[in-house]
Amino acid sequence: MTKSNSSHISDIAHHLHPYTNAIRHESVGPIVMERGEGIYVYDDQGNRYIEGLAGLWSVGVGFGEKRLVEAARKQLDALPFYHTFAHKSNGPAIELAAKLAEITPEGLNHVFFTNSGSEGNDTVIKIVWYYNNALGRPKKKKFLARTGAYHGVTIASASLTGLPNNHRDFDLPAIPVHHLTCPHFYRYGQPGETEAQFCDRLIAELEEVIAREGADTIAAFIGEPIMSAGGVLPPPEGYWARVQEICRKNDILVVADEVITGFGRLGTAFGSDFYGIKPDLMTLSKQITSSYQPLAAVMISDEVYRVIAENSGKIGTFGHGYTASGHPVATAVGLENVKIIEERGLVANAAAMGKILHQRLAKFRDHPLVGEVRGAGLLAAVELVADKDSRAKFPEPGKVGGWFFNRAHSHGLIVRNIGDALAFCPPLIITEAQIDEMVKAFEITLDETATWVAAGMPA
Ligand code: PMP
């Protein structure tokens, strides 16, 4: 038995994988990745793949970036761990907090560090509740989120997530949350409705929910600037400005979940810059370290921070924090990563390469299997449908997308299938030639998928 075979058997025997069909894993086993370089990763069988999803929407600067390795090594040498409880701090956490205050939208000047996006959104919920308790508004606790949203998998953040798979069999939602209609015109627009009318309907729904439940019970609206893990779903034009205006009028905090859209993904520094959102709170993770270390950050407005500070001054310690909040190695890597993004102009590269990616993908609009091509910047999706005219989905959603996903591997391409939509979110360093290489592998796979569908989807 080769070493890789025995490690595959061991993986099946002992490793319960996240977001994996456990029974299927027992028969197909793992794909074991060994190394990466730029936009490519290599498995233990010697296969090379274009990482069209930057790992999990996250490896912004690409694989094999030695500056991040060196930043981690130096910090591990000097001080591998120290906590930030009870007034303790460390250089990288301080510097990264200041840097984030500088580059995020105006007014977000305070940072709370966590390890993951899910913990970041749990922290958001707790800050929002703490804030309203401090202001003497104990009833103002509900969250507004959207169906199709992805905000994480911990008990509270998964409650905000608007995907059935994250609620079913987990007894969720477990916090007071109302999910509004998913703002995706292609799928949720009604026959004969224009995009502008669809947007009017979403806004009317928001106003109705606030009127029905009472603004004095609703604490915050949370949204990803572009829903990502739910299918890469850009909202209709004008949506964010109107949502924001209504929230302000009703004293409802606006939370931008920028776990994917932060640090240049849409070709602007943050997704909030892309849509003109001025959030009260913002969740960041993934590209904050290009996922070389686990790290997330909650950005907090001056106003919300002031209420927290004064309340904790009155009642004592702010009772929230993780052992690894502000971890020196993670924040050192984060700081170096943000410097690389700045020095190499990767936000501008994402804008320029994003344009090219969307130009190249546009031709698939004419493909018989393709219903919609969408996205912004270096974030895109191509949705496959059973019938172009009626937009009908395939009878077993995810089957065609799943087939495509597996097939793409054999052409050296990793994309994500979200149901039958194929998502792209390549590293921010991608070049025009590499976009062409990625789109070529996509096209070959798409044609093979069409042939397989036409043949009646044989097993
Ligand atoms: N929010 C958004 C928008 C995300 O895309 C994700 C992860 N895909 C999360 C939160 C959760 O982050 P994590 O997996 O680090 O907990």
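Analyst: **Strand pairing in close view**

Strand β11 (residues 370-376) and β12 are antiparallel and share six bridges. Strands here are DSSP runs of E with at least two residues, helices are runs of H or I with at least four, and both are numbered from the N terminus; two strands pair if DSSP finds at least two bridges between them. This is a predicted model, in which local features need pLDDT of at least 70 and side-chain atom pairs count only at pLDDT 80 or more, while totals for chains, interfaces and linings use all residues. Residues are numbered from 1 along each chain as its sequence is written.

Two residues separate β11 from β12 in a hairpin, and glycine 377 in its turn has a positive phi of about 55°. Within this pair, valine 373 has valine 382 of β12 as its bridge partner. β12 also pairs with strand β15 (residues 421-424), again antiparallel, through four bridges. There, alanine 380 lies opposite phenylalanine 424 of β15.

Strand β12 (residues 379-384) is largely enclosed by the rest of the structure, because six of its six residues are buried. Buried means that 20 or more other C-beta atoms, placed from the backbone, lie within 10 Å of the residue's own; 12 or fewer make it exposed, and values in between partly exposed.

Elsewhere in the protein, an open sheet with mixed pairing has four strands in the order β1-β2-β3-β13. Its edge strands, each pairing on one side only, are β1 (33-37) and β13 (413-414). β1 runs antiparallel to strand β2 (residues 40-43), joined by four bridges, and glycine 36 is opposite valine 41 of β2.

A residue in a helix gives another local view. Alanine 72 belongs to helix α4 (residues 66-78) and counts as buried, with 20 C-beta neighbours inside 10 Å. Beyond its neighbours within four places in sequence, alanine 72 is in contact (C-beta atoms within 7 Å) with Tyr292, Gln293, Val329, Ala332 and Val333. Its C-alpha atom is 42 Å from that of glycine 238, which is 166 residues away along the chain.

The shell around the ligand consists of 14 residues, of which Ser116, Gly117, Ser118, Gly152 and Val259 come nearest; the cut-off is a C-beta atom within 6 Å. Helix α6 (residues 117-134) contributes three residues, the most to this shell.

Over the whole protein there are 17 helices and 15 strands. The radius of gyration is 22 Å, close to the 23 Å that the globule rule gives for 459 residues, so the protein is as compact as a globular protein of that length; the radius is taken over C-alpha atoms, and the rule is 2.2 Å times the number of residues to the power 0.38. Of the 459 residues, 46% count as buried. Among contacts between residues at least 6 apart in sequence, 70% join residues at least 24 apart.

The mean pLDDT, the predictor's confidence in each residue from 0 to 100, is 97, and 99% of the residues reach 70 or more. The model scores are ipTM 1.00 and pTM 0.98.

How values were computed. Contact = placed C-beta atoms within 7 Å.
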